[in-house]
Amino acid sequence: MSIDLSSPGCQLVLTFVCQNRPGIVAAASTLLFEEGFNVLEAHQYDDQESGRFFARITFNPVRDERAASVLLEAARAAFVPVAARFGMDWAMRSQAETRRVMLLVSRFDHCLADLLYRRQIGEIPMEVSAIVANYPRSTYAHHDFGDIPFHYLPVTRETKAQQEAAIWDLVQSTQTDVVVLARYMQVLSDELSTRLAGRCINIHHSFLPGFKGARPYHQAHARGVKLIGATAHYVTPDLDEGPIIEQDVERITHADKPEDLVRKGRDIERRVLARALAWHLADRVLPNGRKTVVFKD
C-alpha cells in the first residue's frame, strides 16, 4: 500500500538550539539524508551576540511505508547522537499532531471569537481543550461553542489562589499544551506563570507602560497619540515583560475618536494574537533568553 508522502502525517519538523560551531548544518542534513529523508523547508539563525545557533527543518521520507508514529520515533532515535554531539536543546514532532489549546477570556471576547473562527476554517490547526472565563456563560450567549467545555471560574482577591489552582487542575486534566490569555483581564500569579513557562501566550495593547489601568485607549486619545498597536508575548512572572512573539501597529489621526481607537485596537489585537499562536503551534518560535527567534512562514 502506498502512502502520500506530502501528507501532514509524513512531514516532520525538527527544531534545535545550541552553541554555534562549524558543522552543525552539515551534520543535521547528512543524518536526514542517510536516514532517507528529504528536506522540505529549512530556516537557521546565528545569533552573534549570544553565540547560539537556531534552526527549524521540515522534512519527509523519500520512500517509506511505515506508520507515522513509527516514522517519528525512528527519526527521533536517529537524531539523538547528532543532538548529543552538539549539545542541542531540540524537539521533533509530526506536522499532523494537533496541539490542545486552552483559551482564557474575560468580558472582551473579540480575540476568543477570532481564534474560534480561525480554528473552524482550519487556518489555525488546534483542538480547544477548554474555554475558561471569569464571567458567566451568559456573557457569551451570542457564541456557539459547540462541544468545547466551558468553565466559569470567578475570581476575587481573596479567592485568587483557589481559582488559579482550579485552572492548573484543568490544564493537567485536559492535557493542555498551550494556554492563551485571549484578553483575560487577570494577572497570573508568579507560581502559575512559572508553571506555564514557554506555553502561555498573552495579548495586550502596546501603550504600556505609558497608559496603565482602565480605558487605555481613552487615555491615549487624550494625549493625542498617532500610533497604536498590540503585543503578543509569552507570560512570565515579570508582568507584561515576557519574550515578545509578535507586534503590529496602525497609524491614527486627529479625526479618530476614542471609539475608533478601541475598534482599531481590537483588530490589531486579533491579528497579532492569531499570528503568535499559529507560529507557536507550528514550532516557528524558539526562545532566546528574554527574546525570541521567529521563523515566519
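This dialogue explains how to read selected features of the predicted model shown above.

Visitor: Which conventions apply to this model?

Guide: Residues are numbered from 1 along each chain as its sequence is written, and side-chain values use heavy atoms, with hydrogens and water left out. The model is predicted, so that local features need pLDDT of at least 70 and side-chain atom pairs count only at pLDDT 80 or more, while totals for chains, interfaces and linings use all residues.

Visitor: Into which domains is the protein chain divided?

Guide: Domain bounds come from an automatic or database domain assignment. Here, domain 1 covers 8–94 and domain 2 covers 100–294. Their centres, taken over C-alpha atoms, are separated by 32 Å. Domain 1 gives 15 residues to the contact and domain 2 gives 10 residues, where contact means heavy atoms within 4.5 Å.

Visitor: What area is buried between domain 1 and domain 2?

Guide: Buried area is the accessible area (1.4 Å probe) that two parts lose on being put together, summed over both. For domain 1 and domain 2 it is about 850 Å², and carbon and sulfur atoms give 44% of that area. On the side of domain 1, Phe54, Arg56 and Arg93 lose the most area to domain 2, together 47% of what that side buries.

Visitor: How many salt bridges and polar contacts does the interface hold?

Guide: A salt bridge is a side-chain nitrogen of Lys or Arg within 4 Å of a carboxyl oxygen of Asp or Glu. A polar contact is a pair of N or O atoms within 3.5 Å; within protein, one must be able to donate a hydrogen and the other to accept it, and residues adjacent in sequence count only if both atoms are side-chain atoms. Across the interface of domain 1 and domain 2 there are 3 salt bridges and 6 residue pairs in polar contact, both residues being at pLDDT 80 or more. On the side of domain 1 that touches domain 2, strand E1 (12–19), strand E2 (37–47) and strand E3 (52–61) each supply at least two residues. Strands (E, at least two residues) and helices (H or I, at least four) are DSSP runs, numbered from the N terminus. That side has 6 nonpolar, 3 polar and 6 charged residues; Ala, Val, Leu, Ile, Met, Phe, Trp, Tyr, Cys and Pro count as nonpolar, Asp, Glu, Lys and Arg as charged, and the others, Gly among them, as polar.

Visitor: Is Glu269 buried or exposed?

Guide: Buried means under 20% relative accessible area, exposed over 50%, and partly exposed in between (1.4 Å probe, protein chains only). Glu269 is buried, with a relative accessible area of 1%, and is found in helix H7 (residues 258–281). Leaving aside residues up to four places away in sequence, Glu269 touches His110, Cys111, Arg183, Ile203, His205, Tyr217 and Ala230.

Visitor: Where does Arg183 lie, and where does Glu269?

Guide: The side chains of Arg183 and Glu269 meet in a salt bridge (3.4 Å, N to O). Arg183 lies in the loop between E8 and helix H5 (190–195) and Glu269 in helix H7, so the pair ties together parts that are 86 residues apart in sequence. Arg183 also counts as buried, at 10% relative accessibility.

Visitor: Which residues of helix H3 are buried?

Guide: In H3 (residues 110–120), they are His110, Cys111, Leu112, Asp114, Leu115, Leu116 and Arg118. The buried residues of H3 pack against strand E5 (100–105), strand E6 (127–133), strand E8 (178–181), strand E9 (200–205) and H7. Arg118, with a relative accessible area of 17%, forms a salt bridge with Glu123, the closest N and O atoms being 2.4 Å apart. Glu123 is partly exposed, at 44%.

Visitor: Which other salt bridge links distant parts of the chain?

Guide: The side chains of Arg100 and Glu127 meet at 2.7 Å, N to O. Arg100 is in strand E5 and Glu127 in strand E6, 27 residues apart.
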